[in-house]
Amino acid sequence: MKTATQQGVDKGSVFQSVGFLYFLAVSALSRLYTQDSEFLVAQASLAAGGLIGKRVMDLGAGHGSTTLAIAKRNPSTIVSVDKSVDYIPFLEMLFQSDKDIEGYLEANYGARKVLDDLYDATIAYLEGMRKQFQATRFSRLGGTLQLIEKSAFDLTAKECDEPVDVIIGSHFFHWVVNALKDQYLAEGKSPLEARDCAISESLERIGKLLKPGGILAFSTSKDFVDVDDNPEMDQYLEQYTVTAEPMYVRMHEIKKRLVLKKNPALESKVTIPAPNHLLKNSEIPALFRRSGFNLVHVDLWENLTDYDPIEVAYTALQLHLGGLKDEEISAEDRVEIAKKVRKEMRETMMQGQWENPYMGFGFTYIFQKA
Ligand SMILES: C[S@@+](CC[C@H](N)C(=O)[O-])C[C@H]1O[C@@H](n2cnc3c(N)ncnc32)[C@H](O)[C@@H]1O
């Protein structure tokens, strides 16, 4: 299993069922995805000369934080695409209806029990998202929101009527590249070849959805990037990124112990999150140019949250556990384990430990299609 290098998340079901709920809670509690989406969309808009009246695609739309950020910039159409069976119906309910959010999450996921003490904050966050979306000029004056449940790879420009002006993928690109890379590795390619083929193939498939001269904007966290063109900065970022935080690592060690107590067969699947090293900054311009995308700019942001780091990590921990399959560990056990981990952390932490904010670093890459 390569899950150690995938930030410890089993890719299979992390954005589905219980994982879906926890992703909502992580977003609600930390607001990390909200900030990242606003930031990426602002940069894409700048590169595109504004999004006013344009057709903009949100790839890997998830729970809609990027769709919301796009809606605030007056496009004519937003095409939001996600392959997970949970997100598109959820977005329909959230943005295109006035259905009761709590009723929806309860009926489909039994959310109150699963989210437990994260429940109220999650609902308040989602209600806030809906209010903001419905207040946008885009929403009030009949902008088109097209929701498509499909893998970005299987989508054709025809299905979204015509190629779009701008494609935005917040925390998305590494998922598709890693998935393809695994396929190429299984075919016997070397890790570097597999990565390069995965990037080319991703760009070829996604590029068909974009007009010539259109903007492709994506963001990813430091975990997936080596800043090899600036080793000093790389060292700094590695040192402060959350996966290097001793308390965070300890939290995952406790998690591993408790999971293995329930199911010893999961030894190789339960991991301590570690950086992935998928991309090297110095190689990005040439790698993308080869596929017809010229780098416009790269930006680095520091995503600091003033929420209690234990609470954010506790929520993210459940997202990690959500990646395990129900037959491997039941939903009830996942919730119980996460709570025990938090309790043990609180009881055994020395004063002053993990006082730092929960720190995340991210990169934004903006390209123009030739
Ligand atoms: C980390 S989440 C980011 C969600 C959202 N962009 C945000 O920033 O809040 C990644 C999303 O990509 C979706 N995804 C992964 N592979 C995909 C694919 N091949 N096609 C479409 N969506 C995909 C997942 O279902 C998930 O919702």
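This is a predicted model: local features need pLDDT of at least 70, side-chain atom pairs count only at pLDDT 80 or more; totals for chains, interfaces and linings use all residues.

Helix α4 spans residues 87-96, and its buried residues are Tyr-87, Phe-90, Leu-91, Leu-94 and Phe-95. Viewed down the axis of α4, these buried residues fall within an arc of 105°, so they line one face of the helix.

I turn now to the largest nonpolar core, which holds 96 residues. Those touching the most other members are Ala-25, Ala-44, Met-57, Val-166, Ile-167, Ile-168 and Ala-313. Helix α1 (residues 17-30) supplies the largest share of this core, with nine residues. Setting aside residues up to four places away in sequence, Ala-25 touches Leu-115, Leu-118, Thr-122 and Thr-315.

Next, the ligand. It is surrounded by 22 residues, of which Gly-60, Gly-62, Ser-84, Ala-152 and Ser-170 are the closest. Two or more residues of the shell come from each of α2 (32-48), α3 (65-71), β2 (77-82) and α9 (173-186). By type, the shell comprises ten nonpolar, ten polar and two charged residues.

Apart from neighbours within four places in sequence, Arg-342 is in contact with Ile-310 and Tyr-314. Its C-alpha atom is separated by 9.3 Å from that of Ile-254, a residue 88 residues apart along the chain.

Notes
Residues are numbered from 1 along each chain as its sequence is written. A nonpolar core is a set of buried Ala, Val, Leu, Ile, Met, Phe, Trp, Tyr and Cys residues joined through C-beta atoms within 7 Å. A residue is buried if 20 or more other C-beta atoms lie within 10 Å of its own, exposed if 12 or fewer, and partly exposed in between; C-beta atoms are placed from the backbone. Helices (H or I, at least four residues) and strands (E, at least two) are DSSP runs, numbered from the N terminus. Two residues are in contact if their C-beta atoms, placed from the backbone, lie within 7 Å. A residue is near a molecule or strand if its C-beta atom, placed from the backbone, lies within 6 Å of it. Ala, Val, Leu, Ile, Met, Phe, Trp, Tyr, Cys and Pro count as nonpolar, Asp, Glu, Lys and Arg as charged, and the others, Gly among them, as polar. The arc is that of the directions from the helix axis to the C-beta atoms.
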